[in-house]
Amino acid sequence: MHGFLIDNGFFSIHSFIPFFIMAAIFILMAYTIIMGISEWNRNNNSPKLNVNSKVVSKRMDTRHSSHNNFTSTNTSYFVTFEFDTGDRLELKVSGIEYGQLCEQDSGILSFQGRRYLGFKRNL
């Protein structure tokens, strides 16, 4: 007599492993897509604000991946702004914006939700 999960027939554990792997990949992809759409929608429904602020810090997040002799690198750029109230907000910016902003720059930050729109330095 063979057990349900150890039988070499149709319902063996080996036939379920690919299903579970594919299901996990699908769930992870669906979660990522839903979270991206949710953040995009939240940003779009937020007001566009122009606020006095100061650049207090900058950071880069560099990730490397390699697969079969193919290596790729992805760098994300972040800037933390401090408002007159003392509140801080870290926003993802482009590499060009990151290079143009310096710590202690003060000016008007334009943003919508968590979306960076621009920064105009005080003269």
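**Rings, charges and a greasy patch**

Let's start with Tyr-116: this residue is buried, because its relative accessible area is 14% and buried means under 20%. Keep in mind that what you're looking at is a predicted model.

**Aromatic rings**

- A pair of aromatic rings is described by two things, the distance of the centres and the angle of the planes.
- The count for this structure comes to 5 aromatic pairs.
- Is Phe-81 buried or exposed? Phe-81 counts as buried, because its relative accessibility is 0%.
- Phe-119 joins in too: ring pairs link it with Phe-81 and Tyr-116 into a cluster.

**Charges over rings**

- Lys-58 lies over the face of Tyr-98, and the distance to the ring centre is 4.3 Å.
- Arg-59 has its charged end over the ring of Phe-78, at 4.2 Å from the centre.

**How the chain is built**

- You'll find 2 helices and 5 strands in the chain.
- Walk along from the N terminus and the elements come in the order α-β-β-β-α-β-β.
- Now for contacts between residues at least 6 apart in sequence: 47% of them join residues at least 24 apart.

- The chain has 123 residues, and buried ones make up 21% of them.
- Its accessible surface comes to about 9,600 Å², with 60% of that belonging to carbon and sulfur atoms.
- Which residues make the nonpolar surface patch of about 490 Å²? They are Ile-17, Ile-21, Met-22, Ile-25 and Met-29.
- One of these patch residues, Ile-25, has its place in helix 1 (residues 13-44).
- Ile-25 has 42% relative accessibility, so this residue counts as partly exposed. The reason is that partly exposed covers the range between buried, under 20%, and exposed, over 50%.

Terms used
Residues numbered from 1 in each chain as written. Predicted model: local features only at pLDDT ≥ 70, side-chain atom pairs only at ≥ 80, totals over all residues. Heavy atoms only, no water. Phe/Tyr/Trp six-rings, centres within 6.5 Å; stacked < 30°, edge-to-face > 60°. Buried < 20%, exposed > 50% of the residue type's maximum accessible area, 1.4 Å probe, protein only. Lys NZ or Arg CZ within 6 Å of the ring centre and 35° of its normal. Helix = DSSP H or I, 4+ residues; strand = E, 2+ residues; numbered from the N terminus. Contact = heavy atoms within 4.5 Å. Areas by Shrake-Rupley, 256 points an atom, 1.4 Å probe, with all protein chains shown as cover. Patch = residues over 30% accessible without salt bridge, like charges linked within 9 Å, V, L, I, M, F, W, Y side chains within 5 Å. Salt bridge = Lys/Arg side-chain N within 4 Å of Asp/Glu carboxyl O.
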